[in-house]
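I opened this notebook page to record what I looked up about aromatic rings and the nonpolar surface. The entries follow the structure.

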Amino acid sequence: METPARLKVNIVTIFPEFFRDPLNTSIPSRANDQGLVQYRMVDLRSYARDARGTIDDIPYGGGSGMVMKPEPFFRAVDDLTPSGPVVLMSARGKRFTHEDAVRYSVGPELTLLCGHYKDVDQRVADHLATEEISIGNFILSGGEIPALAVIDAVVRLLPGAIGDHDSASTDSFYEEPTLLSPPSYTRPSEYRGHGVPEILRSGDHKKIKEWRQSQTKVFSKE
């Protein structure tokens, strides 16, 4: 009997193909291969009710652009019956943080709703999604890129997704959400006249630790 994945991620989108290569690469792929996460692509167009697969319409009150209809989103989530957060990727949403990634990673299921075009009918945000998430104060063509960012941030936290736990635990934001990790260097020790700080090559672990602590920066939202 196959062991259930640690985390199930549902992705509701009109572009399922957008996710295939990224989720079959690096840590997201390795976590899937190890049975830590299961991805389910949901093609929103399959929940349209006309032959053309219409999922958008003109906005009430006039204006430019097209608004994604509520019915396909509601039908898709009805089929999924998700047990975890239902997250709408939205420029109006709360800024996504490491704390959100941790919260999602310890749950059994995460459903991401990807909008496109001008907007998504507000009833999806108000009566279907449990929360709205934004990855920054800028506009993208749709919710697919933000959804990938969220997935990567969440999946890498699953136990076993990264072979070396110390690698994850020394990342920016890992323990203290306002701290950024110190600079990193690797070989060669000198390249085009630019050298690695001498302290990192000294072998003095106490002084190296002190240097790294001195180089840790406080994150600024500005």
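I looked up Phe96 and found it buried, because its relative accessibility is 16% (buried means under 20% relative accessible area, exposed over 50%, partly exposed in between, with a 1.4 Å probe and protein chains only). I noted that this is a predicted model, in which local features need pLDDT of at least 70, side-chain atom pairs count only at pLDDT 80 or more, and totals for chains, interfaces and linings use all residues. Residues are numbered from 1 along each chain as its sequence is written, and side-chain values use heavy atoms, with hydrogens and water left out.

Phe18 and Phe19 form an edge-to-face pair, because their ring centres are 5.8 Å apart and their planes stand at 65°. Phe96 and Tyr104 are stacked, at 6.4 Å centre to centre and 15° between the planes. Tyr104 is buried, at 2% relative accessibility.

Is Phe19 buried or exposed? I recorded Phe19 as buried, since its relative accessible area is 0%. Phe18, at 36% relative accessibility, counts as partly exposed.

I next followed Phe18 to the surface, where Phe18, Phe138, Leu140 and Ile145 form a nonpolar patch (patches are made of residues with over 30% relative accessible area and no salt bridge: like charges are joined within 9 Å, nonpolar side chains (Val, Leu, Ile, Met, Phe, Trp, Tyr) within 5 Å; a salt bridge is a side-chain nitrogen of Lys or Arg within 4 Å of a carboxyl oxygen of Asp or Glu). Together these four residues have about 350 Å² of accessible area, by the Shrake-Rupley method with a 1.4 Å probe. Leu140 is partly exposed, at 34% relative accessibility.

Methods. Rings of Phe, Tyr and Trp (its six-membered ring) pair if their centres lie within 6.5 Å; planes under 30 degrees apart count as stacked, over 60 as edge-to-face and the rest as tilted.
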